[in-house]
Amino acid sequence: MLVDPELVAEIRRLERATGRNDIFLGFVRKLEADLQAFGTTFSGHVARGEAVGAVRPAHTLNGTCRQPGAMDLGELFAEIEAVAKTGDYAAAQSKYDTGATLIAQSREAVKRG
């Protein structure tokens, strides 16, 4: 499942209850920004030998994906984070590269959320 419809419905209920119609949109914008920055940020930290810095963007995206209900995408970044923590940055990059279809599909599904 690309996007958890129950979570999206809960966010929409929260928007109605609070009179705010921008909560879900805020999650989507944050996700878009973090996804756009990931490749460059991750590569830069790896190039500088910053192990903690290399793990952080994957960890952040793990959570950012789950906020609007993109659970499978969050799992991808959890896996990237776990591999990066072992220091195998090439494998982490490979997971990211092979996840391109999931990333694109999830982005579109979240936007439709």
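How close do the axes of α4 and α5 come, and at what angle do they cross? Keep that in mind while you look at the model, which is a predicted one.

Here is the answer. The two axes come within 8 Å, and they cross at roughly 170°. An angle over 145 degrees counts as roughly antiparallel, so that is how α4 runs relative to α5.

Now the contact itself. On the α4 side, look for L76, F77, E79, I80, V83 and A84. On the α5 side, they meet Y89, A91, A92, K95 and Y96. Sort the residues of this contact by type. Nine are nonpolar, two are charged, and none is polar.

Next, helix α6. This one covers residues 100-112, which makes 13 residues. From first C-alpha to last, α6 reaches 19 Å.

Which residues of α6 are buried? They are I103, S106, A109 and V110. Look down the axis of α6: these buried residues fall within an arc of 135°, so they line one face of the helix. What do they pack against? Three helices: α2 (23-47), α4 (71-85) and α5 (89-98). Turn to the face of α6 away from the buried side. There you find the exposed residues T101 and R112.

Last stop, T60. This residue lies in helix α3, residues 51-66. Is T60 buried or partly exposed? Its relative accessibility is 32%, so T60 counts as partly exposed.

Key:
Residues numbered from 1 in each chain as written. Predicted model: local features only at pLDDT ≥ 70, side-chain atom pairs only at ≥ 80, totals over all residues. Heavy atoms only, no water. Helix = DSSP H or I, 4+ residues; strand = E, 2+ residues; numbered from the N terminus. Expected span 1.5 Å × (residues − 1). Buried < 20%, exposed > 50% of the residue type's maximum accessible area, 1.4 Å probe, protein only. Arc of directions from axis to C-beta. Contact = heavy atoms within 4.5 Å. Axes fitted to C-alpha atoms, helices over the stretch in contact; angles between N-to-C directions. Parallel < 35°, antiparallel > 145°, perpendicular 65-115°, else oblique. Nonpolar A, V, L, I, M, F, W, Y, C, P; charged D, E, K, R; others polar.
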